[in-house]
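Student: I have a new structure open and would like to learn how to read it. Could we go through it together, one feature at a time?

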Amino acid sequence: MPKWTRVFDQRFGGDDADARLDAAAFHRNVEPILAVLETELAGVEGDIVEIGSGTGQHVVAFAETFPRITWWPTDYEADHVTSIEAWRRHAGLGNIMPAVQLDAAGPWRFPGSVQPPLSNLAAIVSLNVIHISPWPVGEGILRGAGAHLRTGGKLVFYGPFKRDGAHTAESNARFDQSLRGRDPSWGVRDMADVERAAVANGLHLERIHQMPANNFILIFVKD
Ligand SMILES: C[S@@+](CC[C@H](N)C(=O)[O-])C[C@H]1O[C@@H](n2cnc3c(N)ncnc32)[C@H](O)[C@@H]1O
């Protein structure tokens, strides 16, 4: 797992009560990601599910920037769900729904009475997930996008990607090697493989945004 540290805030009643995690990378990437989303989600209303919300910091920034969208954060790891919930409480925004523990590789289930509209999602966002998880997680996200997005809805992937089978930077090649060293099922994905799986699920690759630090945002649209 990346280097995440704990945020301490006495307003939550002391160190132990504050479960918020802080990811250093968030502070570097949130502004460029928001700049892209401001164009990609311009005028969009409705519900957006985030897969692999991690600390929960991005979803707070997204909810502040897009107040007319209802955001549904999720993550596989229980302590990340706890952190997302802590950030949600701290932000006090009405357009972030309770965080849900969800394995994106399987069927998407939102327990409880409050449910996202799973046949009419405006978008699905997943940042830095599909290279730090086995490929079936990427496939699950693409399957979920095919099943749960409205027509014209967008799937947004952020992270490093290979292009035409090649790394786009030496640092990405080293990162890929270190990921595979930690878990052979992880690794930087090739855009073509992601696109192939997207097409199989009724989506097409609409745009590629080159991002700082050799990352990309891939925008897929539900046909
Ligand atoms: C590198 S972190 C990225 C977190 C956050 N999106 C960010 O950019 O800071 C990857 C996240 O994916 C989550 N994840 C891994 N496997 C998953 C799965 N099968 N389903 C959903 N989330 C998963 C991890 O728990 C972790 O929070």
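Predicted model: local features only at pLDDT ≥ 70, side-chain atom pairs only at ≥ 80, totals over all residues.

Student: Which side chain has an N or O atom 2.8 Å from an oxygen atom of the ligand?

Tutor: For this, look at pairs of N and O atoms. The side chain of His 80 supplies the atom that lies 2.8 Å from a ligand oxygen. The backbone takes part as well: an N or O atom of the Leu 127 backbone is 2.8 Å from a nitrogen atom of the ligand. For Leu 102, a backbone N or O atom is 3.5 Å from a ligand nitrogen.

Student: How much of the ligand's accessible area does the protein cover?

Tutor: On its own the ligand has 590 Å² of accessible area, and the protein covers 94% of that.

Student: Is strand S3 enclosed or open to the outside?

Tutor: Count its buried residues, where buried means under 20% relative accessible area. In S3 (residues 46-50), 5 of the 5 residues are buried, so the strand is largely enclosed by the rest of the structure.

Student: Which strands pair with S3?

Tutor: Take S4 (residues 69-75) to begin with: S3 pairs with it in the parallel sense over 5 bridges. Val 49 stands opposite Trp 72 of S4 there. S3 also pairs with S6 (residues 121-127), again in the parallel sense, over 3 bridges, and Glu 50 stands opposite Val 125 of S6.

Student: What does the chain make out of S3, helix H2 and S4?

Tutor: Follow the path from strand to helix to strand. S3, H2 (residues 57-65) and S4 make a β-α-β unit that is right-handed.

Student: How do S6 and S7 run, parallel or antiparallel?

Tutor: S6 and S7 run parallel, with 6 bridges joining them. One of the partnered pairs is Leu 121 with Leu 149 in S7. Between these strands the chain crosses through H4, and this β-α-β crossover is right-handed. S7 is mostly covered, as 8 of its 11 residues are buried.

Student: And how do S7 and S11 run, parallel or antiparallel?

Tutor: S7 (residues 149-159) and S11 (residues 215-222) run antiparallel and are joined by 6 bridges. Across that pairing, Lys 154 stands opposite Val 221 of S11.

Student: What should I know about phi angles before looking at the loops?

Tutor: Most residues other than glycine have a negative phi. Asn 128 is not a glycine, yet its phi is positive, near 55 degrees. Asn 128 is in the loop between S6 and H4 (135-148), and this residue is partly exposed at 30% relative accessible area. Ala 213 likewise has a positive phi, of about 60 degrees. The place of Ala 213 is the loop between S10 and S11, where this residue is exposed, with a relative accessible area of 62%.

Student: Is Pro 111 buried or exposed?

Tutor: Exposed means over 50% relative accessible area. Pro 111 has 60%, so this residue is exposed. Pro 111 belongs to the loop between S5 (100-101) and S6. The C-alpha atoms of Pro 111 and Gln 101 are separated by 9.1 Å, the two residues being 10 apart along the chain.

Student: Last one: is Asn 29 buried or exposed?

Tutor: Asn 29, in helix H1 (residues 24-40), counts as buried because its relative accessibility is 7%. The Asn 29 side chain makes a polar contact with the side chain of His 58, at 2.8 Å.

Definitions and conventions:
Residues numbered from 1 in each chain as written. Heavy atoms only, no water. Polar contact = N/O pair within 3.5 Å; in protein donor to acceptor, adjacent residues only side chain to side chain. Areas by Shrake-Rupley, 256 points an atom, 1.4 Å probe, with all protein chains shown as cover. Buried < 20%, exposed > 50% of the residue type's maximum accessible area, 1.4 Å probe, protein only. Helix = DSSP H or I, 4+ residues; strand = E, 2+ residues; numbered from the N terminus. Pairing = 2+ DSSP bridges. Right-handed = clockwise from strand over helix to strand, strands pointing away.
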